[in-house]
Amino acid sequence: MKGKPVALVTGAGFGIGRSIAIELAQSGYDIAAVDIERIEELGVDFFPIQADISLLEDHKKIIELTLSKFERIDVLVNNAGIAPDKRLDILETTPDSYDRVLSVNSRGAFFLTQRAARKMIDLVHKDPNCRPCIIFISSISADVSSPSRAEYCISKAALSQISRIFADRLSEFNINVYEVRPGIIQTRMTAAVKDKYDRQIAEGLIPQKRWGQPEDVARAVVSLAKGSFSYSTGMVVEVSGGMNIRRL
Ligand code: NAP
C-alpha cells in the first residue's frame, strides 16, 4: 500500500469521536473528520468534512470528498450520535424525538456504512491484501433499559444489529466489522447528568470506580483498526469499567 491508511471518523469534533480521530492520527492514519460544524482544530493533521449524518444526501459528499483527498477508505468509525434533547419517560416519548435520535444514531450510520462498504469492496478487489474495517460506536444502552430515554436505547440496539449484519455480509470480502459499547464516558453528552452519575459511581455502580474517558474508547478503536482482533469479526467490545458484569 502506498501512503498511510485512511480513517473516516464521524462526529469527530467533540468527545469520543475527537479522541478517536486523534489516537488514529497518532497511530499513523490519515483522518477524514466529519462533523455538523466544520472542525477547525484537533491538534493533529486531518481533513475536515462538514456534513450531517442524518441527511442521506450528505453521505455522497462525505465519501466523494474523502476519496478525492485520499483515494481510499481503510477504516470507517461510525461515532456520531445524539441523546434525546429532553429525557422523558417512555410513556411520554414523542414521535419527533424518536425520529430525530434514530435518524442520526442508526439510520444515518446504516446508510453511510452501506455507501462506504461498496467503496471498501472495490478497494479489496483492487488490492486483495488490503483489510478494511468498520467500527460502530454503540453503547451499553444497546441492552440496558433506561425508561427515561427509550429512543436512545432503541437506536443503539438497532445499531448493534446493524453491526452484526454488516459483519456477516462483508466477511466474504475480508472486511471486519466491530461494535464498541462505551459505558458512562465523561463528555458533553453526559455533562447534563454529571451529578447523578457522580453519585452513582461513588455508590458502586461501576466496578472500576471511575468515569470512563474518551481515550479509553479511542484506544480500543485503534487496536481494532490495527487488526489485533483480525479473526473476530462481529465482536462486541465493551468499554464500561465492568458494567457488563452481572452482580448480586
Ligand atoms: P458528544 O460529545 O456530544 O459528541 C458527539 C459528536 O457527534 C459531536 O462532535 C457532534 O457534532 C457529532 N454529531 C452529532 N450529530 C451529528 C450529525 N447528525 N452529523 C454529524 N455529526 C454529528 O458525544 P460523545 O459522548 O462523544 O458521544 C459519541 C458517541 O458515543 C455517540 O454515538 C454516543 O451515543 C456514544 N456513547 C457515548 C457515551 C457517553 O457516556 N458519553 C456512552 C455510550 C455511547 P456537533 O457538536 O457539531 O453537534
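By class, the shell around the ligand comprises 14 nonpolar, eleven polar and five charged residues (Ala, Val, Leu, Ile, Met, Phe, Trp, Tyr, Cys and Pro count as nonpolar, Asp, Glu, Lys and Arg as charged, and the others, Gly among them, as polar). The model is predicted: local features need pLDDT of at least 70 and side-chain atom pairs count only at pLDDT 80 or more, whereas totals for chains, interfaces and linings use all residues. Residues are numbered from 1 along each chain as its sequence is written, and side-chain values use heavy atoms, with hydrogens and water left out.

Among the 30 residues around the ligand, those that come nearest are Asp 35, Asp 52, Asn 79, Tyr 152 and Thr 187 (a residue is near if one of its heavy atoms lies within 4 Å of the molecule). Helices H1 (15–26), H4 (150–170) and H5 (188–191) each supply at least two shell residues (helices are DSSP runs of H or I, at least four residues, numbered from the N terminus). The largest share, three residues, comes from H5.

A nitrogen atom of the ligand lies 2.7 Å from a polar side-chain atom of Asp 52, and a ligand nitrogen is 2.9 Å from a polar backbone atom of Ile 53. The protein buries 93% of the 890 Å² that the ligand exposes when taken alone (accessible areas by the Shrake-Rupley method with a 1.4 Å probe; for residues, only the protein chains shown count as cover).

Notes:
A polar contact is a pair of N or O atoms within 3.5 Å; within protein, one must be able to donate a hydrogen and the other to accept it, and residues adjacent in sequence count only if both atoms are side-chain atoms.
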